[in-house]
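Visitor: Please take me on a close look at the aromatic rings in this protein, and at what surrounds them. I'd like to follow them with the model open beside me.

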Amino acid sequence: MLEGLPVAPGIAIGHAVSIGGQRVEVYRLPVPPERVDDEIERLRQAVRAAAEDLQTTRQKAHQQLGKELASIFEAHLLVLEDSGFLGEIEERIRGQKVNAEWAVHEISEELQRRFERFEVEHLRERSEDVRDVAQHLLSRLAGIQSRDLAEISEGVVIVAEDLVPSEAIRLGRHGVAGFALERGGQTSHTAIIARSLHIPLVGGLAGVTSEITDADLVVVDGNAGRVVLHPTQSALKRYRRIEARELRRETRLRRTRRLVSKTRDGQPVELLANIELPEEAEEARSYGAAGIGLYRSEFLFIEKSPELPSEEEQYETYRRLLKEVAPHPVVVRTFDLGGRKLAREVLDTREENPVMGLRGIRLTLARSEIFHYQLRALCRAAAHGDLRILLPMVSAVEEVRQFREMLDRALRELGRERRRHVKEIPLGVMIEVPSAAMVADSLAREVDFFSIGTNDLIQYAMAVDRGNEHVAYLYRPLHPGILRMIRFTVDGAREAGIGVSLCGEMGAQPRYAPLLVGLGLRSLSVVPRSVPVLKRLLRQIDAPFWERAASECLELHTAEEVESFVEERLTDAGIDTEGAAA
Ligand code: PEP
Ligand code: MG
């Protein structure tokens, strides 16, 4: 049994497949002058074998996993077939009379360093291709055949040191059952992807890649954060029972989809879904979401990385999404890149403190030549349904005004080209920076709706990095300061007569949702699976009771006081928040 972190819930039972982490140790060995030609021939043979491997992989990847993945191997082949690269390696073998492994290692390191110095991001990234190719060559020189990604079959458990989000998406779409990783925290993007695709993930499993051998039968218990190696028959039976119970729970939850979402006293509360990938829209519908309240469009970018998604690709994605969700609305948040979300592709500089740097709307305004195409795609797609645009990380009114100028430029251009598009698209802002919350009354005059992003609002208001476990104890959604900002934002929206929703994780928590209703929220956007859970809960609560409770909370002094107060009120009202999710 290996203990780790529960990152994405669920149980996966399958045979293990390790990917990555097959590092080959390299030593410098002298080669006698009469053996130099043989050593070069050994290198050439390894190059031929590696090229064949890559061609096969590229072909299979293309057939089974799509063009995108195939292009990675294409890039590797280009490096491998580059005569300059191979020439330098051969010269090193000849000049220094060293073994092929050492020459490959040294030349590839030098080349990587050269690429890393480039200002332009896509050239910097070639350094990773060189590293991969060198590793492949070294494996071949050592007689190891490296793993063919296209051979990974459905239902397996992927064991790896770490996965980048794009790998998680590709493997997830390919039908793998679970992930067991050495690294990975709960807020990483790989974690978000695993949860979105319902693939159980256990992270923080130190040494898992050496403990588990390919084809071992393993159980990934994403609920408890553990991996069971060689499970006994009785353990397997127990896990299969848990799997079956979860399936029954799902069916029960889906049955609520036709129920109206309202409080016991009859006040409607709109429940929308947050999604990262367009295919989640179908799931959102099956759980009865009244639309998409947050489509984190930056994942389109993360998935395509290092290439930029073209206007046409974006247009098609948004159009299909609108069709899937119709007649309900889709709120598309413009790329919220930067911070920890893959800014490298669009930023030419590295930032000391990226979370407070060129992120969200700031990056949108700074790199308008990229975002122009997102705006064109959005204005065109809006002709196919109820599309709304949401801006991330807004901290001041001026940013909205500058954005409108950018939007106007895109609209004028589409007009000149006589392309079908929509001119009046509802525009909203995320309220996730404290300064935005504090000028919510002014912002409300500039936009059509607000979406409160508590994940970042709490991070920035309390100066608590949302991904740092050392200060996690300070990350308290019920801090009176946070509640006051939410109230001020809701009041600002109400006075201006615009819509306001909340899309942070806080809204999905059964023990916080009643208080949010009490603070005046009548719309929440949450992960699709939480929609039925919240619907059941909301149907048990009385809005006036929670309105009174919220007013009292706003008078309290500490997070702890509010937390106990809310617990008491939940007990008084006979609401079992633990049971809500069961
Ligand atoms: C938020 O900050 O609350 C939010 C919903 O956005 P994200 O989690 O994508 O930063
Ligand atoms: Mg945010």
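Guide: Start at Arg238, whose charged end sits over the ring of Tyr239, 5.2 Å from the ring centre. Here a charge counts as sitting over a ring if NZ of Lys or CZ of Arg is within 6 Å of the ring centre and within 35 degrees of the ring normal. Another such arrangement has Arg254 over the face of Tyr287, at 4.3 Å from the ring centre.

A word on the ground rules before we go on. This is a predicted model, in which local features need pLDDT of at least 70 and side-chain atom pairs count only at pLDDT 80 or more, while totals for chains, interfaces and linings use all residues. Residues are numbered from 1 along each chain as its sequence is written, chains are lettered from A and ligands numbered from 1 in the order in which they are written, and side-chain values use heavy atoms, with hydrogens and water left out.

The structure holds four aromatic pairs (rings of Phe, Tyr and Trp, the last by its six-membered ring, pair if their centres lie within 6.5 Å; planes under 30 degrees apart are stacked, over 60 edge-to-face, and the rest tilted). One of them joins Tyr295 and Tyr318 edge-to-face, at 6.4 Å centre to centre with 70° between the planes. This pair links distant parts of the chain, since Tyr295 belongs to strand β10 (residues 292-296) and Tyr318 to helix α12 (residues 311-325), 23 residues apart. Helices (H or I, at least four residues) and strands (E, at least two) are DSSP runs, numbered from the N terminus.

Both Tyr295 and Tyr318 are buried, where buried means under 20% relative accessible area, exposed over 50%, and partly exposed in between (1.4 Å probe, protein chains only). Phe545 and Trp546 form an edge-to-face pair too, with 5.3 Å centre to centre and 75° between the planes. In that pair, Phe545 is partly exposed at 24% relative accessible area, whereas Trp546 is buried at 0%. Phe301, Phe335 and Phe371 form one aromatic cluster.

Let's go back to Tyr295, which has 0% relative accessibility. Leaving aside residues up to four places away in sequence, Tyr295 touches Ile275, Glu276, Leu277, Pro278, Leu300, Thr317, Tyr318, Leu321, Val331, Val332 and Arg333; contact means heavy atoms within 4.5 Å.

Beyond residues up to four places away in sequence, its contacts include Val429, Ile431, Leu443, Ala493, Ile498 and Val500.
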